Amino acid sequence: MSRFSLVIFCFLFVSTIVRATDVEYCDDNKEYEVKVQGVNILPYPIVRGEPATFSISANTDNVISRGKLVIEVSYFGWHIHSETHDLCDETKCPVAVGDFLVAHSQVLPGYTPHGSYSLKMKMVDGHKKELTCIKFSFEIGLVSSLAAYI
């Protein structure tokens with residue numbers, strides 16, 4: 001295999017297991033204190049029974065000393081799951097002015113149905129003030145994205 005072919009193969013391989021997801025704000029008319037630049041999901045599609053990581057790149061003009069992430073998940077429009085995480089467990093606190101990354105990993109149960117899901121995430125500060133609210137879609141696949149290459 002030539003070096004060029006190897007580079008192309010590696011690019012295609014990595015691009016199928018990591019995905020930048022389109023993100024929308026919950027309220028287009030609201031000016032949120034935390035601006036979200038994007039969400040990356042690894043692996044993509046998500047594989048049942050294996051770790052999945054959601055990485056959210058964001059920016060703030062204010063220091064955030066503490067807060068919560070409130071997550072709601074829907075499957076075909078039906079609300080199926082809610083969870084709340086301490087912001088400081090998902091990123092370094094206090095969050096300084098500028099760019100920061102929130103990363104959350106978890107293993108979805110093996111019985112999780114494959115298909116399209118939507119996620120809504122609110123970030124609130126220690127006084128329960130909403131700092132941002134985003135929504136995006138993701139897929140849970142039948143098999144590992146690596147299986148296609150083995």
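Student: How many bridges join strand S6 to strand S7?

Tutor: Strands here are DSSP runs of E with at least two residues, numbered from the N terminus, and two strands pair if DSSP finds at least two bridges between them. In this predicted model, local features need pLDDT of at least 70, side-chain atom pairs count only at pLDDT 80 or more, and totals for chains, interfaces and linings use all residues. Residues are numbered from 1 along each chain as its sequence is written, and side-chain values use heavy atoms, without hydrogens and water. S6 (residues 67–75) and S7 (residues 78–86) run antiparallel, and the number of bridges joining them is 8.

Student: Nice! Which residue in S7 is the bridge partner of isoleucine 71?

Tutor: Look across from isoleucine 71 to S7: the partner is glutamate 83.
The hairpin of S6 and S7 has 2 residues between the strands, and there phenylalanine 76 takes a positive phi near 50°. So, back to your bridge partner of isoleucine 71, by the DSSP pairing of strands: glutamate 83.

Student: What is the mean pLDDT of the protein chain?

Tutor: pLDDT is the predictor's confidence in each residue, from 0 to 100. Over residues 1–17 it is below 50, while 81% of the chain's residues reach 70 or more. The mean is 86.

Technical notes: Helices (H or I, at least four residues) and strands (E, at least two) are DSSP runs, numbered from the N terminus. Contact means heavy atoms within 4.5 Å.
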